[in-house]
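I opened this notebook page to record what I looked up, item by item, in the structure shown below.

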Amino acid sequence: MATNDAPVVVGHVALIVRDLDKLGDFYRSVVGLEELSADRGTIRLGAGGRVLLELRGDKAARRSRGGSGLNHTAFLVPGRGDLGAFLRHFTALGHRLGAAEDHGASDSLYFSDPEGNGIEVTADTPRELWPRRNGRIAMYARGLDLRAVADDAAGVWRGAPEQTVVGHVHMQVGGIEAATDFITGPLNMEIVQGDGGSMFYASGGYHHHLAVNAWG
């Protein structure tokens, strides 16, 4: 997939959680990640033998109150058929989405885990169809036709496909300028697009590996 062709990618995300067993079960049964290893206080989950998420238990951890920190982790599945299968699975379990958006470069489903950590399950559209303006990627946010996505389901969801990766991470920050200096400096990513409230960055021509916002 395009995100893994880049010089710099997101390997995995680590979350500090209060109820390790409950969160572990959620990411296995709902998101479809496979438990790859566990030791005292830590569970590692992923797909295709690769760790995508590490859960670190800490009963004293404070719940996020909307300040700086994680907005969401995006798990990128191989195609729209996989996204449709996930949507059918997710709704059959009785869960509700927080949002569903067509970004031009991807189709995305948004929800949260039991402790409020944001999750996106997403599938890229073909690279040649990504919207562009003045030679640059120009993503947008439009309502996603959920019925059409469900109709495109490629069979029954049997867990995250082996090719699933962390497509991107979106964070809430105290200042866009400082975040940009770090991401374009030490991390050597390029600005893809943005405005005064949010910014998107990528490596190797992808639509984005990291995003930040200062909405909070």
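The entries that follow go from the nonpolar cores to the strands and their pairing.

**Entry on the model.** I am working with a predicted model, and I kept that in mind throughout.

**Entry on the cores.** I began with the largest nonpolar core, which holds 46 residues, and I noted that Tyr-27, Leu-33 and Leu-55 are those with the most contacts inside it. When I asked which element gives this core its largest share, I found helix α2, residues 80-92, with five residues. Apart from that core I found another, of eleven residues, and Trp-130, Val-165, Val-192 and Ala-202 are among them. As background I wrote down that nonpolar side chains in soluble globular proteins tend to be buried together.

**Entry on Tyr-27.** I then listed the contacts of Tyr-27, leaving aside neighbours within four places in sequence.

**Entry on the open sheet.** In which order do the four strands of the open sheet lie? I read the order as β1-β4-β3-β2, with mixed pairing. The edge strands are β1 (13-17) and β2 (34-39), each of which pairs on one side only. Direction ignored, neighbouring strands of this sheet are turned by 20° against each other on average. For the pairing of β1 with β4, residues 50-57, I recorded five bridges and a parallel run, and in this pair Ala-14 stands opposite Glu-54 of β4.

**Entry on β7 and its partners.** Why do I describe strand β7, residues 106-112, as largely enclosed by the rest of the structure? Six of its seven residues are buried, that is, under 20% relative accessible area, so the description follows from the burial. I next looked at strand β6, residues 99-102, which is joined to β7 by four bridges and runs antiparallel to it; here Ala-99 stands opposite Tyr-110 in β7. These two strands form a hairpin with three residues between them, and Gly-104 in the turn has a positive phi of about 80°.

With strand β8, residues 118-124, β7 pairs in the antiparallel sense over seven bridges, and Ser-106 stands opposite Asp-124 in β8. The hairpin of β7 and β8 has five residues between the strands, and I noted a positive phi near 90° for Gly-116 there.

Definitions and conventions: Residues are numbered from 1 along each chain as its sequence is written. This is a predicted model: local features need pLDDT of at least 70, side-chain atom pairs count only at pLDDT 80 or more; totals for chains, interfaces and linings use all residues. Side-chain values use heavy atoms; hydrogens and water are left out. A nonpolar core is a set of buried Ala, Val, Leu, Ile, Met, Phe, Trp, Tyr and Cys residues joined through side-chain atoms within 4.5 Å. Buried means under 20% relative accessible area, exposed over 50%, partly exposed in between (1.4 Å probe, protein chains only). Contact means heavy atoms within 4.5 Å. Two strands pair if DSSP finds at least two bridges between them. Axes are lines fitted to C-alpha atoms, for helices over the stretch in contact, and angles run from 0 to 180 degrees between N-to-C directions.
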